[in-house]
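Here's a quick briefing to read alongside the sequence and the model. Grab a viewer and follow along, topic by topic.

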Amino acid sequence: MKRDALGVLALAVAVRGVVFLEARDAPFWTVPLVDESAYLDLARRLLAHAAPAHGAWYVAPGYAYVLAGLMALGANPATIKLLQLVAGATSAWLVWRIGRQVAGRVAAGIAAGMFAIAPVALLQELLLLKTSFATLAVLAALDRLLPDRTAAGVAPGRRWCAAALWLAAATLLRGELVLVGVALAGAGLVARARRWPGAPVTWGPVAIVVGLAIAIALPTLQNRAWSGDPVPFAFGGGTNFYIGNHAGADGSYVPLRPDRFDPAQEEADAVQLASLGLGHAARPSEVTRYWSGQGWAWWRDQPAAAARLFVRKVGLLCGPWELADVLSTAEAGRWVRGLRNPLCGPALILPLAFVGLFATRRRRELWPLHVALGASAAAIVPFFLFERFRLHVVALAVPFAAAGCERAFVHWRARAWRPVAAGSIAVAAFAGLTSLARVPRDPVVLRVNTGEMFFQAGRYDEALREFEAVRAASPDAWRVDINIANTEAARGRIEPALAALGRVLRALHAEAARTGLPSSEELLYCHELAGDLEHDRERLDVAARHYEAALVYAPAAARPALQAKLAACRTP
């Protein structure tokens, strides 16, 4: 057993060592973007004892806590990513530990090895995102709850207390994982009543409930202290529910307003649109109630459409289609060869796990794993899907994939062809049906994020190539002209920068006229930048017109600086 454990861990560490060496030359290693920048900002606010932008947590705060703690100890983003790579290697080892209780040692070792080199897991470890730590917490909790034969001397009470701590950590990282903890606590009571293997002591489920309560209470108390509004946990849950449940939803992330994917933009839009809908400035708790109410209203008004979307989301959760977030695995594979492996991913693991689940359905000692996998899936489907959201589901499915393969091998050696054929047909049918659930996305648009990373690194020529490729291939992604304008301005090319700003300003004003909801931040930024560039060209009258237009959209804090620029244009 020790040899198997060392083998899986050595493979995971070796792969991550190679990935680390290659990723250091990638733009995403040194330059944070989108969600990464948002989490870093939250961590810096914590360190400065400042409240979040709207006086309450919008997202689950656990990763911000982790980042703030590590940054307080002197860690930089590169150091944190190294820790995430360590967490990923540890997760692969935990998959092996869990897998050996579900399948034989050979099958468990092979399956854990597959997860150790899975590209989707490796990518999340290279980004400043909470996925790696959340997956580690879920796996560590399950490792404690399963009745490990090699740790028979460990008291059940101690195992359940340890699991409670890990589940509390998982909940702080991903709020919906509270459902997993509640399900395991409830299943523990059933297991005790029916005397299943691994049943807890009397207070074992209570320990989990207490841990979850503490995890929820901590950010709730912070929200009340900051804003006077006792928002339970975080107020973005209602928005996330609406994003996954409305007439335009398709199972993936659809922003509240077109092309506004940045977390800070989403939060601002959620508050602004809820305030418009309610007719007054909405408090954080009202924002989450407003958006969850909108989602439930759609379910009541369009139950057939909602049911069809629910089925599609189940297919997306269980299928091979990877929904990229800030950076796709294929895009990151331009720099890291370990991310180009097409075999070790959900497309292979999940169909095999389907057969393994059926094969192990009567094994009562596996009840914690069955419950955790089902509850993890159920916690995601009500919202929307990204590939990183389901990584812990894939990790929990790996042991069942190993069990499916082992059972097939046993039947094959015994020349029992009927169960082998039935299992093969089930795998093919599962893979075929779930592959029908797809969300059309333009992969070229993700190159905006790559270009932005090049821009932040000062590699302007490479950044411009990425932005121009998006503009040429995706005419609907017209906001990329803002990136082009920034890049051309940084290169000192004023005319091309102004041409790009002219295009995007016409589109922004047309959008505002069409929707009645002007994108104030972008209009302010573009008019001010255009004014600065025209001022540099000494076309002061044109610059003044842009500054006047920017003032229309400027918040109070930005108005004095703009008024000073306008006055400078009018001074003889």
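A crossing of two helices is left-handed if the near helix is turned anticlockwise from the far one by less than a right angle, and right-handed if clockwise. Keep in mind that this is a predicted model, where local features need pLDDT of at least 70, side-chain atom pairs count only at pLDDT 80 or more, and totals for chains, interfaces and linings use all residues. Residues are numbered from 1 along each chain as its sequence is written, and side-chain values use heavy atoms, with hydrogens and water left out.

**Helix packing**

- Two packed helices are described by the angle between their axes and the distance between the axes.
- Helices (H or I, at least four residues) are DSSP runs, numbered from the N terminus.
- Axes are lines fitted to C-alpha atoms, for helices over the stretch in contact, and angles run from 0 to 180 degrees between N-to-C directions.
- Angles under 35 degrees count as roughly parallel, over 145 as roughly antiparallel, 65 to 115 as roughly perpendicular and the rest as oblique.
- The crossing of α23 and α25 is left-handed.
- Helix α23 (residues 480-490) and helix α25 (residues 520-536) have axes that come within 12 Å and cross at roughly 30 degrees, so α23 and α25 are roughly parallel to each other.
- On the α23 side, I482, N486 and A489 make the contact (heavy atoms within 4.5 Å), and on the α25 side it's E522, Y525, C526, L529 and L533.
- Helix α1 (residues 2-23) packs with helix α6 (residues 105-116) at an angle of about 15 degrees, their axes 9 Å apart, so α1 and α6 are roughly parallel to each other.
- The crossing of α1 past α6 is right-handed.
- D4, V8, L11, A12, V15 and R16 of α1 make that contact with R105, G109, A112, G113 and A116 of α6.
- How do α5 and α7 run, roughly parallel or roughly antiparallel to each other? The axes of helix α5 (residues 77-99) and helix α7 (residues 119-126) come within 8 Å and cross at roughly 150 degrees, so α5 and α7 are roughly antiparallel to each other.
- K81, Q84, L85 and G88 are the α5 residues that meet Q124, E125 and L126 in α7.

**Aromatic rings**

- A pair of aromatic rings is described by the distance of the centres and the angle of the planes.
- Rings of Phe, Tyr and Trp (its six-membered ring) pair if their centres lie within 6.5 Å; planes under 30 degrees apart count as stacked, over 60 as edge-to-face and the rest as tilted.
- How many aromatic pairs does this rule give? The count comes to 22 aromatic pairs.
- One of them is W57 with Y65, an edge-to-face pair at 5.8 Å centre to centre and 90 degrees between the planes.
- W57 has 2% relative accessibility, so it counts as buried (buried means under 20% relative accessible area, exposed over 50%, partly exposed in between, with a 1.4 Å probe and protein chains only).
- F384 and F389 make a tilted pair, 5.6 Å centre to centre with 50 degrees between the planes.
- F384 counts as buried because its relative accessibility is 5%, and F389 is buried with a relative accessible area of 11%.
- Ring pairs also link Y253, F384, F386 and F389 into a cluster.

**Charges over rings**

- A charge sits over a ring if NZ of Lys or CZ of Arg is within 6 Å of the ring centre and within 35 degrees of the ring normal.
- R174 puts its charged end over the ring of F389, 4.4 Å from the centre.
- R361 lies over the face of F358, 3.9 Å from the ring centre.

**Two buried helix residues**

- L464 lies in helix α22 (residues 460-473) and is buried, as its relative accessible area is 11%.
- Leaving out residues up to four places away in sequence, L464 touches I484, T487, E488 and R491.
- S275 is found in helix α13 (residues 263-278) and is buried, with a relative accessible area of 16%.
- Leaving out residues up to four places away in sequence, S275 touches H280, A281 and A282.

**Positive phi in loops**

- Most residues other than glycine have a negative phi.
- V34 has a positive phi, near 50 degrees, and is found in the loop between α2 (27-30) and α3 (35-47).
- F233 also has a positive phi, near 65 degrees, and its place is in the loop between α11 (204-227) and α12 (237-243).
- F233 counts as buried at 11% relative accessibility.
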